[in-house]
Amino acid sequence: MTKVRTRFAPSPTGSLHLGGVRTAFYNWLFARQNKGTFVLRIEDTDAERSTEESAKGIIESMQWLGLNWDEGPFFQSERLGIYFDHLEKLRKAGHIYPAFDTQEELDEMRAIAKKEKRNPIYDRRALKLTEAEIKQKMDAGEPFVWRFKVPDTEYTEIPELLMGEPDEHKIRNSTIGDFIITRPGTNDNPGMPLYNFACVIDDALMDITHVIRGMEHLPNTPKQVLMYKALGYKVPQFIHLPIIMKNNKKMSKRDKDYDPNFPVSILERRDLGYLPDATLNFIALLGWSHPESQELLTPFEILENFSVDRLNKANPNFDEQKYMFINGWHVKNRHDYELVETVTPHLEKAGYDLSAYSKSDLEKMMAMEKERCHLLSQFPEALKFFFITPESYEEKGIRKSFYVPEADFILETTVKMISALTDEEMNRATLDSKLAAMVMDLGIKYGIVGPIIRLAITGRTKTPGLAEIIEVLGKDETVKRLENARAFIKTLPPLPVESEATA
RNA sequence: GUUCCCAUCGUCUAGUGGCCUAGGACAUCGGCCUCUCACGCCGGUAACACGGGUUCGACUCCCGUUGGGAACGCCA
């Protein structure tokens, strides 16, 4: 049994998007699981659209996701000699022929085909050219492309593992048409190889055993199989994955209702605070399911359980809410110290000064908020009150808590209690019991006291627990804020009558 | 239009002829927990596209209809 070899072969014409991540991940999984080899190849034969920046972005994305490759990255632009050698081989064997048709002529042919409700396949007019005619045109420097002569055998069989009939997929050759394998060029200045050509040569030469890619490539596959055969190479197994949709449409950044809050670019997702493990977890579930129906998985658990026969054939829809939920789960299950590292850039980006807090303080903040934040980018807002002393208070909270007649007295009592604490007592557990005892003494319900203190020290009505906050905030800052709030309450105008009326 | 692919709750899915009165997850709606929020826990609503076969028996197999998707590039 030959060793499994898979590859991910993106074109560097933009950022790696979520659909590409799925393809890359499945290839990676399949290789890793079979103790095989995973190859990264950059398909940059389209000089017009390919950019170095995109290639870098793709590599960065793969690294960020942890999808490590064993060979590559190979760049097709550096392998042109190989393709031209193969072109020569095909030419000598009579598998290809030059075509001098202009773009306009081809457009016209397609228009006619459409009008006649036919599949627009090439009519082989260039095949009628005599040797002499061809030579004359070539010598004159007329640009031409190379077309592959599709054999007249009735069917081409695709070894497809997922789609269609089990293990077999037949396409009628009459529906294929002689496809172009190079861009236009002349004898002196040959045209660049095209996808269906370069891809086959590379997959063959790189000994790829399983080609796992999106369904949109299924119609290319018979052409490629024909190419393998013409070249005398072994045809690999194909696995065509269903296309990831969004609102039942192909997910794309060219989409009309594309929402920048939900980017398709994986690097943009990263900047928004999505975690690589969560991304892989969510993406894996788009078309694959765990044998025991578990859904919250680490990459390792996915690897342990992945199998091609649990792949789904129908196009899945990309569900942002589930992605967010899964991300939240992964955030929640990260160690606080890891979170400090990944969240710190987000806090700095928000302009916060972290110097007032120790590493352990920051870890405590993570512990406080990680069950609330589904995205890393939500931490700055959630943690804002630790870095910025509140200058105003939530309107709703003021009405509900600061207008309580005992509010000032409660805050005063709290100030006294906190001030009397030793440094050793400034910990969560002690603060908890001290607060409870104070509430008991006050004889007022915690449900009233708590919100008043909360609002005073954070300016908000919804936060983590009071003891945790005070512990991290420290004695001085807490007291300062409590006094601020007392001063604020004194400036409060009498409760407007209308608020009663509107209630 | 042509060729190809697909079809279970709103969404992702389990299901490979009897275990299905169709299971789980997200979302949603109730409730519990609680100093708030969140987390967590408990519970509810919600699906086999339709029509024919095959079979003792069909969500599962076959055919058709309908619906959805992809490709039809001198892009990949």
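These are legends for several close-up views of a predicted model.

Residues count from 1 along each chain as its sequence is written, while chains are lettered from A and ligands numbered from 1 in the order in which they are written. Because the model is predicted, local features need pLDDT of at least 70 and side-chain atom pairs count only at pLDDT 80 or more, with totals for chains, interfaces and linings using all residues, and side-chain values use heavy atoms, leaving out hydrogens and water.

**View 1. How chain A splits into domains.**
Chain A comes in four pieces: domain 1 (5–82 + 195–246), domain 2 (94–156 + 163–175), domain 3 (336–387) and domain 4 (395–490). The bounds come from an automatic or database domain assignment. Taken over C-alpha atoms, the centres of domain 2 and domain 4 sit 80 Å from each other.

**View 2. Two aromatic pairs, one stacked and one tilted.**
Rings of Phe, Tyr and Trp (its six-membered ring) pair up if their centres lie within 6.5 Å; planes under 30 degrees apart make a pair stacked, over 60 edge-to-face, and the rest tilted. That rule gives 17 aromatic pairs. Take Phe282 and Tyr323: their ring centres are 4.8 Å apart with planes at 10°, so this pair is stacked. Phe282 belongs to helix α9 (residues 276–284) and Tyr323 to helix α11 (residues 320–332), so the pair ties together parts 41 residues apart in sequence. Helices here (H or I, at least four residues) and strands (E, at least two) are DSSP runs, numbered from the N terminus. Both Phe282 and Tyr323 are buried, where buried means under 20% relative accessible area, exposed over 50%, and partly exposed in between (1.4 Å probe, protein chains only).
Now for Tyr393 and Phe488: with ring centres 4.9 Å apart and planes at 45°, the pair counts as tilted. Tyr393 is in the loop between α15 (384–387) and α16 (395–402), and Phe488 is in helix α21 (residues 475–491), so this pair ties together parts 95 residues apart in sequence. Tyr393 counts as buried at 10% relative accessibility, whereas Phe488, at 24%, is partly exposed.

**View 3. Phe387, its ring cluster and the nonpolar cores.**
Ring pairs join Tyr352, Tyr357, Phe385, Phe386 and Phe387 into a cluster. A nonpolar core is a set of buried Ala, Val, Leu, Ile, Met, Phe, Trp, Tyr and Cys residues joined through side-chain atoms within 4.5 Å. The largest one has 105 residues, and the members touching the most others are Met62, Trp288, Leu311, Phe318, Phe386, Phe387 and Phe402. Helix α1 (residues 18–33) supplies the largest share of this core, at nine residues. Skip the neighbours within four places in sequence, and Phe387 is in contact (heavy atoms within 4.5 Å) with Leu347, Tyr352, Asp353, Leu354, Tyr357, Leu362 and Met365. There's also a second, separate core of 32 residues, including Ile96, Trp146, Ile176 and Phe179.

Gly397, Ile398, Ser401 and Phe402 are the buried residues in question here. Down the axis of α16, the buried residues fall within an arc of 105°, so they line one face of the helix; the arc is that of the directions from the helix axis to the C-beta atoms. These buried residues pack against α17 (407–419), α19 (446–458) and α21.

A charge sits over a ring if NZ of Lys or CZ of Arg is within 6 Å of the ring centre and within 35 degrees of the ring normal. Lys137 does this over the face of Phe100, at 5.5 Å from the ring centre, and Lys170 over the face of Tyr155, at 5.2 Å. Leu129 has contacts with Phe100, Ile134 and Lys137, leaving aside neighbours within four places in sequence. You'll find Leu129 in the loop between α4 (103–115) and α5 (131–139), partly exposed with a relative accessible area of 24%.

Most residues other than glycine have a negative phi, and most peptide bonds are trans. Gly72 and Pro73 are joined by a cis peptide bond, with omega about 0°, and Pro73 lies in strand β3 (residues 71–75). Arg124, in the loop between α4 and α5, has a positive phi near 65°. Asp207 has a positive phi too, about 55°, in the loop between α6 (195–205) and β8 (210–214).
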